[in-house]
Amino acid sequence: MHKPLPLECTSLNFRGFQFAQAMIFAIEEINNSTDLLPGISLGYKMYDACGSIARSVRVALALANGYEIVSAPSKAPCTRPAQVQAIMGETSSSPCMAVATVIGPFHIPLISHFATCACLSDKTKYPSFLRTIPSDYYQSRALAQLIKHFGWTWIGAIRTNDDYGNNGMATFTETAQQLGICLEYSVSFFRTDPPSKIQKIIDIIKASNSKVIVAFLSHMDMDVLIHELSHHNLTGYQWVGSEGWIFDSQTAGMDRHHILDGAIGLSIPKAHVRGMKESILDVKPLNSSSNEIFIEFWETLFSCKFMHSKPSAGNQRECTGHEDLTGVHNGFTDMSLMPIFNNVYKGVYAVAHALHRIFDCHETCNNKVQLDPFTILRSIRKIQFKTKEGDEVYFNGNGDPAAKYEIINWQPTENGIVDFVTVGLHDSSLPADKQLNLQNKTFIWAQNSKQVPVSVCSEKCPPGTRKVLQKGKPVCCYDCIRCAEGEISNITDSITCVRCHPEFWSNERRDACIKKEAEFLSNEEIMGALLTVASLFGTCLTTVVAFVFFRYRKSPIVRANNSELSFLLLFSLTLCFLCSLTFIGRPSEWSCMLRHTAFGITFVLCVSCVLGKTIVVLMAFRARLPGSNVMKWFGPAQQRLSVLALTLIQVVICIMWLTISPPFPLKNLKEFKDKIILECALGSAVGFWGVLGYIGILAMLCFILAFLARKLPDNFNEAKFITFSMLIFCAVWMTFIPAYISSPGKFSVAVEIFAILASSFGLLICIFIPKCYIILLKPEKNTKKNIMGKVAPASF
C-alpha cells in the first residue's frame with residue numbers, strides 16, 4: 001500500500017461529488033441490466049484530485065502501474081484485484097492534458113465529461129483521450145458566429161489563463177477576424193491571481209468603448225470576476241459566455257448586483273436521464289458508510305458535526321445521521337448540471353458497450369477473453385449506440401462527439417432568480433449558413449433592455465459610401481467616404497465603389513446607376529423648334545420668290561438676270577433650307593449619311609448657280625465691247641453644263657466618302673459626364689473637310705469674280721448683290737468652323753444648322769429680294785429701258 005497523496009483537500013466539492021454519483025448510477029444500472037454485459041459486474045474506484053494537476057498525475061500513474069492508492073473505498077469493491085481498464089475524468093482541460101500525456105503510452109482510455117480544450121483533439125499528443133462533451137474548436141467558432149449575427153464588431157474578451165481559456169480564445173479570435181470582428185482588448189487571469197491583476201482588468205473594461213464582453217471562463221474564475229465587478233458596479237455590458245459558466249446556477253446566484261443580466265452564450269443541450277436525479281439525491285444509504293469522505297459529505301451537506309469527528313468550530317450542531325434532505329438548498333441539490341451528468345453517464349456506457357463487444361456478449365459473455373487497454377480503447381472509438389433516452393453516442397476520429405449547443409439567454413424573473421431561457425440552437429454538423437438557428441423568442445439584453453445592444457467602433461457605412469480605414473487602428477475602425485461621381489455602392493459597409501457602365505451615371509445618393517439622359521437636337525425643344533420654323537420659313541420664302549419670278553418671268557428684270565439660272569438657284573436654295581431639317585432629331589444611320597451629303601451637294605449646286613450668274617455678268621459686259629463675241633462660248637447650254645459639272649465633282653466626293661468611311665450615329669460618352677450626346681460621327685474626316693473645302697473654293701472663286709464685276713456700268717448691277725451675298729456666305733462659314741469645333745453636344749449641330757440657314761438667307765435676300773422689291777413695289781423700274789440704261793446690254 002502506498003502512502004496517501006501529499007496534497008490534502010481543504011473542502012468538499014459538491015459538484016465533483018455529483019459527478020461521482022452520476023458515474024455510480026450508470027455503473028449500477030449496467031450491473032443490474034440483463035442486456036448489457038450479462039453476468040459481468042463493473043467495479044470502480046474514486047479519487048478526489050482536489051483540483052490539483054500533480055495529484056491527478058500521481059493517481060493516473062499509480063493506476064497505470066497497477067497500484068492501489070489509499071482512498072475512499074468503492075461502494076461495490078471488486079472480488080479480486082484488477083488492472084484499471086478506463087479512467088473517467090478529469091473535469092478540467094489542464095489536468096486532462098497532464099493525465100492524458102502520462103497514460104498515453106499505456107493506451108488506457110481517459111474519458112472526460114467536461115474538458116473542452118480543442119488541443120485535446122490532437123491524437124499524436126493524446127492518443128487515448130476521448131470525451132463526451134464537444135471540443136471548444138466548435139464552441140469558439142459558434143460564439144464568433146453568434147456575435148456576428150447580432151452585428152457586434154467591436155468587442156472585449158476575457159479568458160481563463162489556462163489551456164481551456166487560452167486555446168478557446170485563440171480559436172475564437174481567429175474566427176472573429178475572418179468574420180470581420182475586432183477585439184478592442186483581450187485579457188486573461190486565473191482565480192489565484194493577486195487582486196492587482198484583476199483590478200487592471202476592471203480598469204481596462206472601464207476605459208474601453210466596446211459594450212460586448214466575451215468571457216471564455218470557467219465557472220470558478222467567473223465567480224471571482226463577478227465579485228470584483230460587483231464592487232465597481234460595472235453594469236450595462238452585454239456578456240457573451242462559454243459553456244463553462246453560462247448555465248451555471250451557482251454563478252447566477254452569486255450575481256446579486258445583476259451584472260450579468262441578459263447574458264447570452266452556449267450550453268450543452270438540456271438532458272434528462274430517468275432515475276439519475278433521484279439516485280444522486282438519495283443520500284440515506286451514505287449514512288451507513290464508514291468512509292470518511294461520506295462523513296465529510298454529510299457534515300458539509302447538513303452543516304453539522306459527528307461526535308467522533310474533529311471538534312466543531314463555533315456553535316455548529318451535532319449530526320444525528322438521520323437528517324432529512326427535504327428543504328436543503330445548496331450546490332448538491334442543484335441539478336442544473338444535468339447535461340454534464342448525462343455526459344458522465346454516456347462515458348460509462350461507452351466503456352460498457354466496448355466491453356460488451358470485446359466479450360462477444362449475447363445471452364452470456366465470454367469472460368475468458370484477456371483484456372488489455374489498447375483493445376478497449378480501439379473498441380470505444382468504434383462504438384455507436386443510443387442511450388435509453390434516445391441520445392446517439394459515438395466518437396469521431398479525434399475522439400470527440402457531435403458538436404451541438406443550445407443558445408442560452410439569462411432572463412431575470414420577478415423574484416430575482418435568473419431563468420436560463422433557450423433561445424436557439426447551434427449544430428456544427430450542418431452547412432455553415434444553417435448552423436445557427438435562433439428561435440422566435442424574446443431576448444432580454446443588458447439592463448433588461450429588449451433592444452439589441454450596439455457595439456461597433458464605427459457606425460455602418462450606408463449605401464453610397466465606402467469604408468476607409470483609420471490610420472493605426474483595427475479594420476473595424478473606419479471613416480465613410482462618399483463615392484465619387486459616376487461610382488456607386490449599393491450595399492452597407494462597402495469597401496469599394498463600383499464605376500457605373502459608360503451609359504449610366506450615379507444618382508445623387510450614389511447608391512444606384514441611372515441611365516444617362518440622351519441629348520440631341522429635337523424639334524420638341526425651343527431651340528430645335530425655332531430652327532425648324534426658320535428652315536420652313538426659308539423654304540416658304542424661297543417658294544414665294546420662285547412664284548413671283550415665275551409669275552413675272554417675262555418681265556425685263558427677270559429676263560435680264562438669266563431666269564434659268566435664277567430658277568435653278570431658287571430650287572437649290574429650297575433644298576438648302578430643307579436639308580437643315582435632316583440635322584434635327586435623333587441621329588440614325590440614314591440621317592447621318594443624308595444630312596452631310598445633302599448639305600454638301602445642295603450647297604455646291606447653289607454656289608455653282610451663283611458662280612454661273614457671276615460669269616454671265618462678266619461675259620455680258622465683255623460682249624458689249626466692240627468686236628467681242630464671247631457669249632457664244634458661254635451660252636445657256638454651257639451654263640447648264642458648268643453647273644452640272646461642278647455639282648458632279650461634289651457628288652463624286654460624297655460617293656467616295658460614303659464608300660470609304662461614311663458618317664454614322666455615335667453615342668458620345670466623353671463630352672459630358674452625366675449625359676449621352678447622340679451625334680453623327682464624321683467617319684472620314686478627310687471626306688467631310690473635302691466636301692466643305694470644295695464648297696469654300698467655289699464660294700471664294702465666286703466672291704472674287706463678283707468683286708471684280710461690282711463696278712460694271714450696269715444700271716442694275718447684279719454683281720454687287722452677288723458680292724454681298726458671297727461676303728455673307730464666306731463670313732458665315734469662316735465663323736462656323738471655330739464655333740462648330742468649340743460648341744458642346746447638340747449646340748454644335750445647332751451651329752451647323754444656323755450656318756446653313758444664315759448663308760441660305762444671305763443668298764436669298766441679297767440676290768432675289770431687291771428684284772422682288774422692284775417687281776412688286778417699283779413696277780415703273782421694271783422696264784427694258786430702265787434695265788438697259790444708256791448702254792445697250794448684250795442679249796441674254
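**Disulfides and a sheet**

Trainee: How many disulfides are there?
Mentor: The count comes to 9 disulfides, a disulfide being a pair of cysteine sulfur atoms within 2.5 Å. This is a predicted model, where local features need pLDDT of at least 70, side-chain atom pairs count only at pLDDT 80 or more, and totals for chains, interfaces and linings use all residues. Residues are numbered from 1 along each chain as its sequence is written, and side-chain values use heavy atoms, leaving out hydrogens and water.

Trainee: Which hand does the link of Cys 592 and Cys 680 have?
Mentor: Left-handed, because the torsion about the S-S bond is about -80 degrees. The sulfur atoms of Cys 592 and Cys 680 are 1.9 Å apart.

Trainee: And where do Cys 592 and Cys 680 sit?
Mentor: Cys 592 is in helix H16 (residues 589-623) and Cys 680 in strand E24, 88 residues apart. Helices (H or I, at least four residues) and strands (E, at least two) are DSSP runs, numbered from the N terminus.

Trainee: Is Cys 592 buried or exposed?
Mentor: Buried, at 0% relative accessibility. Buried means under 20% relative accessible area, exposed over 50%, partly exposed in between (1.4 Å probe, protein chains only). Cys 680 is buried too, at 11%.

Trainee: What about Cys 606?
Mentor: Cys 606 is in no disulfide. The nearest cysteine sulfur, that of Cys 576, is 4.7 Å away.

Trainee: Switching to the sheet: what is the strand order?
Mentor: E22-E24-E23, open, with mixed pairing. Two strands pair if DSSP finds at least two bridges between them.

Trainee: How many bridges join E22 to E24?
Mentor: There are 3, and the two strands run parallel. Ala 518 has Ile 676 in E24 as its bridge partner.
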